[in-house]
Structure formats: structure tokens, C-alpha cells
Amino acid sequence: MLEFAILGLLHESPMHGYELRKQLTTKLGAFRAAISYGSLYPTLRRLQSAGWITESSAASARADDAPLLTNRRSRVVYKITAEGKERFQELLGSSGPETFDDPGFGVHFAFFARTDQATRLRILEGRRRRVEERREGLRDVLSRAAERLDAYTLELQRHGLDACEREVRWLEELIAHERSGRTPHVTPATPPGGPAGAISRK
């Protein structure tokens, strides 16, 4: 997922490591916890070894693009290669089970604007099934073992169930937009249980 996110960001613009970290946080929002920042530079080195990105000195970049740091990493700018763009497109079109879980879904959703409609729909429908399974599991716990749970654990289970129900509704609305061929209009407000803003019809 970190590989996918890095290639996606560098597909938009060359960046140095500091800017990449900042953009990962901004782009992924609530899902940024899925990214291990401690693995950022090792992943960058691996992408370089694969020929998917290159690095160059930041001397040619604008001075206000880089932080006022003195270490080598702050002076390196990373850029995606033609092979890296092909790899990004390959990852963009993937819609396997890993794209339905929290980390995979969050990263893929962040790049939905670049994803084709059929793939978006497959991912959204898979994510809905995954969350529905989680919701049914929580319902089962509450129906079978509620009397054996302490008040705080019971409240946590109810909170999880409520979040699942809200996310299923959010996903169903997104799916309806995809099937109708209309792009959802996202407002600044962030709904509980979803990584994007509230959606209204244009």
C-alpha cells in the first residue's frame, strides 16, 4: 500500500521525502495510520532498485519547495519513471480482496479519481461486503454475549456496530452514484465511518 501511495503521489509531481510524508498524511486522511512512516525511505530505496523512481538533487527545485533542513534526505527529490507509471497503472487496476480491508481500501480510495469506473465499483462492492460481514459479526456478539460483557466492552461493540452501519449506508450511496455514472459531490464535512466527506447529488 505504501508503494502504491508513493507512486501515485509522484505520478502527480516530483517530491522530496519530507513533502511525501506530508502529502501521504493529507491524501490518506483518516487512513494514514495504515502507512508506516518508518518504512518510507526503505520503500523509496526499493522503488529505486526496481527502476520505478529516480532521485536527483533538490538544487534545481524551487527553494520554497523544500524544508529548511540540512540532512541529505531533505536535498533529494524523487521522480517517477515511465516504468513506475506503468506499475502505478497496474496497481490502480487491481481489485482483489486486499483492496476491501481498511489499509487497502483507504489507499485505493485516495486515488479513485484516477481509477476506471468498473474497478471503482468492484472495490466499493467488495468493501461493502467486508463491512457487512463485520457488522453481522458484531450483531452476533451483541445478541449472544451481551449479558456477559461489562458495560464498557458492550458500549465499544455498539460503537463498532454503529460505525459499520453508517459506512454501509455511505458505501451504498457511492455505489449508486457509480452505477448511475454520476460523480459524487463531496462536501467538506467528514461523515463517521467514511474516509471522505458527505456526499450529495449534483
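Reply: Start with a term. A crossing of two helices is left-handed if the near helix is turned anticlockwise from the far one by less than a right angle, and right-handed if clockwise. Keep in mind that this model is predicted.

Me: Which hand does the crossing of H5 and H6 have?

Reply: H5 and H6 cross in the left-handed sense. Their axes come within 11 Å and cross at roughly 150°. Angles over 145 degrees count as roughly antiparallel, so H5 is roughly antiparallel to H6.

Me: Which residues make the contact between H5 and H6?

Reply: From H5, take Asp102, Phe105, His108 and Phe109. From H6, take Ile123, Leu124, Arg127 and Arg134. By class, that contact has four nonpolar, one polar and three charged residues.

Me: Now a single helix. Which residues of H4 are buried?

Reply: First the general idea. An α-helix has 3.6 residues a turn, so residues three or four places apart point the same way. Now the case. H4 spans residues 82–92, and its buried residues are Gly84, Arg87, Phe88, Leu91 and Leu92. They lie on the same side of H4, because they cover an arc of only 140° around the axis.

Me: What does the face turned away from the buried side of H4 carry?

Reply: That face carries the exposed residues Ala82, Glu86 and Glu90.

Me: And what covers the buried residues of H4?

Reply: The cover includes helices H1, H5 and H6, along with strand S3.

Me: How many helices and strands does the protein chain have?

Reply: The chain has seven helices and five strands. Buried residues make up 41% of its 202 residues.

Methods: Residues are numbered from 1 along each chain as its sequence is written. This is a predicted model: local features need pLDDT of at least 70, side-chain atom pairs count only at pLDDT 80 or more; totals for chains, interfaces and linings use all residues. Side-chain values use heavy atoms; hydrogens and water are left out. Buried means under 20% relative accessible area, exposed over 50%, partly exposed in between (1.4 Å probe, protein chains only). Helices (H or I, at least four residues) and strands (E, at least two) are DSSP runs, numbered from the N terminus. The arc is that of the directions from the helix axis to the C-beta atoms. Contact means heavy atoms within 4.5 Å. Axes are lines fitted to C-alpha atoms, for helices over the stretch in contact, and angles run from 0 to 180 degrees between N-to-C directions. Angles under 35 degrees count as roughly parallel, over 145 as roughly antiparallel, 65 to 115 as roughly perpendicular and the rest as oblique. Ala, Val, Leu, Ile, Met, Phe, Trp, Tyr, Cys and Pro count as nonpolar, Asp, Glu, Lys and Arg as charged, and the others, Gly among them, as polar.
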